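Let's take a walk through this structure together, from its overall layout to the way its side chains pack. Please keep the viewer open as you read.

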Amino acid sequence: NSNPWSNMSSSQDANLSERAQALAADTSWLDPVVSSSMRRIGYSRPDRMLFIEFNTGALYVYYDVGPSVWRAFEKAASHGQYFYNQIRDKYRYERL
């Protein structure tokens, strides 16, 4: 389980990670989705953070995700397909 933040050099990255941890402390605000790979999703507009809880129970945050990406993801017919095509490997992320 490697941590993509292990080589953080800026305090801004550290602050983002701390903010994500705080938001993830209570995940009751995440919305359930019907998906073969995801359980719940959520978005913090002020922080531009996308949260995805996978069916495995793993919770990830994706950083600097714009509101239009969130809206498209939220409304996608297939959350998994949208994630794999538009989000995965395109945004910085952290497992929480």
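The report below covers the fold, the strand pairing, the cores and the aromatic pairs.

**Layout of the chain**

Please bear in mind that this is a predicted model. The chain has 3 helices and 5 strands, and from the N terminus on these elements follow the order α-β-β-β-β-α-α-β. Of its 96 residues, 41% count as buried. The chain exposes about 5800 Å², and carbon and sulfur atoms supply 44% of that area. If we take the contacts between residues at least 6 apart in sequence, 46% of them join residues at least 24 apart.

**How the strands pair**

Let's follow the strands along the chain. Strand S1 (residues 31–32) runs antiparallel to S2, and 2 bridges join them. Here Pro 32 stands opposite Arg 40 in S2, and a hairpin of 5 residues leads from S1 to S2.

S2 and S3 are also antiparallel, joined by 6 bridges. Ile 41 has Ile 52 in S3 as its bridge partner. The hairpin between S2 and S3 has 4 residues, and in its turn Arg 48 has a positive phi of about 55°.

S3 then pairs with S4, again in the antiparallel sense, over 5 bridges. Met 49 stands opposite Tyr 63 in S4. This hairpin has 4 residues between its strands, with Gly 57 in the turn at a positive phi of about 100°.

S4 has another antiparallel neighbour, strand S5 (residues 93–95), with 3 bridges between them. Tyr 60 stands opposite Arg 95 in S5. The pairings are collected here:

| Strands | Sense | Bridges |
|---|---|---|
| S1 and S2 | antiparallel | 2 bridges |
| S2 and S3 | antiparallel | 6 bridges |
| S3 and S4 | antiparallel | 5 bridges |
| S4 and S5 | antiparallel | 3 bridges |

**Covered strands**

S2 is mostly covered, with 6 of its 7 residues buried. For S4, 5 of the 5 residues are buried, so the strand is largely enclosed by the rest of the structure. In a regular strand the side chains alternate between the two faces of the sheet. In S4, Leu 59, Val 61 and Tyr 63 point one way while Tyr 60 and Tyr 62 point the other way, and all are buried.

Which residues have the most contacts inside the largest nonpolar core? They are Met 38, Leu 50, Ile 52, Tyr 62, Phe 73, Phe 83 and Ile 87, in a core of 18 residues. At least two residues of this core come from each of strand S2 (38–44), strand S3 (49–54), strand S4 (59–63), helix H2 (67–75) and helix H3 (79–87). Apart from this core lies another one of 9 residues, among them Ala 20, Leu 30, Phe 51 and Leu 59.

Phe 51 lies in strand S3 and counts as buried because its relative accessibility is 1%. Phe 51 and Tyr 62 are 11 residues apart in sequence, and their C-alpha atoms are 6.4 Å apart in space.

Leaving out residues up to four places away in sequence, Phe 83 touches Met 38, Ile 52, Phe 54, Tyr 62, Phe 73 and Arg 88.

Helix H2 has Val 69, Trp 70 and Phe 73 as its buried residues. They cover an arc of only 100° around the axis, which puts them on the same side of H2. The elements that cover them include S2, S3 and H3.

**Aromatic pairs**

The structure holds 11 aromatic pairs. Phe 54 and Phe 83 form an edge-to-face pair, because their ring centres are 5.5 Å apart and their planes lie at 70°. This pair links distant parts of the chain, with Phe 54 in strand S3 and Phe 83 in helix H3, 29 residues apart. Phe 54 is buried at a relative accessible area of 13%, and Phe 83 is buried at 3%.

Tyr 60 and Tyr 93 make a tilted pair, 6.0 Å centre to centre with 50° between the planes. Their link also spans distant parts of the chain: Tyr 60 is in strand S4 and Tyr 93 in strand S5, 33 residues apart. Is each of these two tyrosines buried or partly exposed? Tyr 60 is buried, with a relative accessible area of 19%, whereas Tyr 93 is partly exposed at 36%.

To finish, Phe 54, Tyr 60, Tyr 62, Phe 83, Tyr 84 and Tyr 93 form one aromatic cluster.

Note on methods: Residues numbered from 1 in each chain as written. Predicted model: local features only at pLDDT ≥ 70, side-chain atom pairs only at ≥ 80, totals over all residues. Heavy atoms only, no water. Core = buried A, V, L, I, M, F, W, Y, C linked by side-chain atoms within 4.5 Å. Buried < 20%, exposed > 50% of the residue type's maximum accessible area, 1.4 Å probe, protein only. Contact = heavy atoms within 4.5 Å. Pairing = 2+ DSSP bridges. Areas by Shrake-Rupley, 256 points an atom, 1.4 Å probe, with all protein chains shown as cover. Arc of directions from axis to C-beta. Phe/Tyr/Trp six-rings, centres within 6.5 Å; stacked < 30°, edge-to-face > 60°.
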